[in-house]
Amino acid sequence: MIVVNDIHKSFGKVRALRGVSFDAPDGRVTGLLGPNGAGKSTTLRVLYTVLKPDQGVATIDGVDVVSDGLAARRRIGALPHGAGLYPHLSARENIAYYAALCGLDKATIDDKVDSIIGLLEIDDFADRRTKGFSQGQRTKVALARALVHDPQNVILDEPTNGLDVMATRSLRDLILKLKDDGRCVLFSSHVMQEVAALCDDICIIANGKVAIDGSADDIRERTGCDDLEDAFVAAIQMVEAD
Amino acid sequence: MRTLLTVFSKEFVDNFRDRRTLATALLMGPLLGPVLFTFIINLSIERSLSDADSAMQLPVIGAEHAPNLMRFLESRNIELVDGPADRDAALDAVKTGALDIVVLIPVEFGEQLREGSPARVELISDQANTEADRDARRARNAMRAYNQQLAALRLVGRGVSPIIMQAVTVDEVDVSTPSGRAAILLGMMSYFFIFALLMGGMYLAIDSTAGERERGSLEPLLSLPVTRDQLMLGKIAAACTFMAMSLMLSLWSFFFALKFMPLEQLGMTPNFGPLVVISAFFILAPFILVGAAVMTLVASFTKSYKEAQTWLSIVLIAPTMPILIVSILNVRSQIEFMFIPSLSQHLILVDMVKNEPLNLLHIAISVTSTLAIGAILTWLCARLYRREGLLG
C-alpha cells in the first residue's frame, strides 16, 4: 500500500511536483499517466527514496519514506527508468547481487534467483554476461532483479519502454499475477492503451499536479469523453488552464 | 558488515573481469616504473662510459701548424680529422649542426709558441647543444693538460720547480656510501610506487560513482534496502584491495628490474632486497586509503566517465608535488614532513634504500597521520555519497 499526500519537489527554479496526492492500494494496479516531463519519474523517485520531497508525506505500508528510508526500501522492488546492469556480470549474477543486498541468505538466494529466472523466461541468456544484451533482455533482467526478494510493493518506471510485443505481453501477465498475489503495483507510462488495459486505477499527472484520478470509467464520466485518449487530453488541458 | 562484504566481492569480481581495469591496475602501473628506470639508467651508464673510453673524432683546421699538440691529442684517444676549408666554413658547419666542434689552429701558432707568448687556439662549438658540449669539454680538457705540461716544462727549463704553480691543492673526500649514491638516482622511484598504487584503484574509483551513474545502475542500487555508507565503504574497500595488489606487484617488479641495471658500474648498491620490498609495502600501505578516498571524492564530483578520467590524471600527479619540492630543496627527513602523505612515505623509503637507520618515531607518525587523513577523506566520501545530487 502506497500513500502519497501533497508532495512538492523543486530542482532549483523548476517546480517538478506541485502537490501530488494519490493512493495505490494492495491487490490493485495503479497507473501513473502523463505527458513527458509531467513529474511521473520524480514522484516514483521520491517513493523509492532517492529523492527527498520538499514538502508533503509519502508512506509505503505506513512507513515514511523520508524519516525511515531504509525500512521503506525493504518493502519495495523498484525498476527505475533506463535501469542499467553490470556488463561484466552474467544476468544470474546481476540478480543474485541484488538478492544478497536485500539480505536474503545464501540458500534462499539460489532458489529465488532460479524461480524468478523461470518466471520471466530468461533461462536462455541467464548465464551470459549482460554486455551486448538487447533492450528487452536488459529490461527483463532489471525487472527480475527488482522482484527477486518478493517485495509487497512494486514500483515500475516506464517498464514497457523498448519491449517488443511478446515481451510486453509477458510483462502484462506478470503484473496481473502480482496483483492476484495481493501486491501493490504502481507503474508509470505515457502509453494510453497500456494503462487502459492493465490498470484498476489511473492517476493522470500533468505539470507536477494530479489532473484527475479514478478508474477508467470514472475518468471518462468526469471528463465527459467516451474515448480515454480524449479524456486524457481534456484532463491535461484542465490543469494547464490554472 | 555482510552488505559491505557483498558489495566488496561484487566490485572485486566485476573489475577483475574488466580487461581495462586489469591492464592498468596490474600491468601498466607496476611495470611502467621499472621499465622506464631500467631504460634510463642503462642509457645514462652507456653515455658515461662512452665519455671516457670511446675514440672521439675532432675536426681540425691547420693541424700542420701544431704537430706536437696533435700528437698529444692522439695520445688521448682523440682521432683527428680534416676540418672544413676555412674559419667561416667551420662556423657555418657548427651553426647548422653538421659538425659538433672544430678546432682551429692559426698560422702564427708555432711562432707564438717559440716566442713564449700565449699561443692562441680556437675551439668552435655550440654551447646550447648538450651533446656537443661533452665533446667540447673533452677537447678543452685535453688542450688544458697540454698547456700545463708545456708550462711545467718551461719552468723546469728556467730552473724553477713546477710545484710553485700549485699554491693550494684541494682533496675531495666523498663520504657517501654506495647505497647513498643510489638514493640520489632512485629517489624518484617512490613516486613510481605511488603512481602504481593509484593506477590500481583508478578505474574502480571512477566506476563506483561516475561509471555507475552513467550506466544507469546507480539508481536501482540506491533503491535497495542498504545504506549508502555501506555501498561506499564496500567500493572503497575493493579499490584498496586492487591498489594493494598493484603496489605489491610494483615493488616486486622493481626488485627484479634492479637485477638488470648495472648500478655497480656507477658505484651504487641500492639496499632493495626482499626484506626491504616487504617493509616498503607496509610503509606505503597507509597511503592506499588516502588514494582510494581522494580518487572516489574527485570522481563523485564529475558528471561522466570521461570527465572523471581527466580529473583523475591530475590526481595522479598531485602526490609528486611535495616529493618534487623536497628533492629540489634537498632537505633531509624532518619530523614535520612525516605528517604529509606521500612525502613521508618517500622520505622513509629513501632512508631505507640508503640503508640508513630507520627512525621509528618518523614511521609511527607517517603511518598514523596518513591513516587518519585517509579516514577523514573516506568519511567525506560517504557524506558526498549521501547527497541527492549524486544521481546527477
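Author: A crossing is left-handed if the near helix is turned anticlockwise from the far one by less than a right angle, and right-handed if clockwise. Helices (H or I, at least four residues) are DSSP runs, numbered from the N terminus. In this predicted model, local features need pLDDT of at least 70, side-chain atom pairs count only at pLDDT 80 or more, and totals for chains, interfaces and linings use all residues. Residues are numbered from 1 along each chain as its sequence is written, while chains are lettered from A and ligands numbered from 1 in the order in which they are written.

Reader: In which hand does α14(B) pass α15(B)?

Author: The crossing is left-handed.

Reader: At what angle do helix α14 and helix α15 of chain B pack?

Author: Axes are lines fitted to C-alpha atoms, for helices over the stretch in contact, and angles run from 0 to 180 degrees between N-to-C directions. Here α14 (residues 343-353) and α15 (residues 360-386) of chain B pack at about 150 degrees, axes 10 Å apart. Angles under 35 degrees count as roughly parallel, over 145 as roughly antiparallel, 65 to 115 as roughly perpendicular and the rest as oblique. α14(B) and α15(B) are therefore roughly antiparallel.

Reader: Which residues of α14(B) and α15(B) meet?

Author: Contact means C-beta atoms, placed from the backbone, within 7 Å. Ser344(B), Gln345(B) and Ile348(B) in α14(B) meet His362(B), Ile363(B), Ser366(B) and Thr370(B) in α15(B). By class, that is two nonpolar, five polar and no charged residues. Ala, Val, Leu, Ile, Met, Phe, Trp, Tyr, Cys and Pro count as nonpolar, Asp, Glu, Lys and Arg as charged, and the others, Gly among them, as polar.

Reader: How many residues of chain A are in contact with chain B?

Author: 25 residues of chain A touch 19 of chain B. α2 (69-74), α3 (91-101) and α5 (135-147) of chain A each supply at least two residues of chain A's side. The largest share, four residues, comes from α3(A). By class, chain A's side has 17 nonpolar, five polar and three charged residues.

Reader: How is chain A divided into domains?

Author: Domain bounds come from an automatic or database domain assignment. Chain A has domain 1 (2-75 + 154-241) and domain 2 (84-151). Their centres, taken over C-alpha atoms, are 25 Å apart. Eight residues of domain 1 are in contact with eight of domain 2. The domain 1 side has four nonpolar, two polar and two charged residues.

Key:
Contact = placed C-beta atoms within 7 Å.
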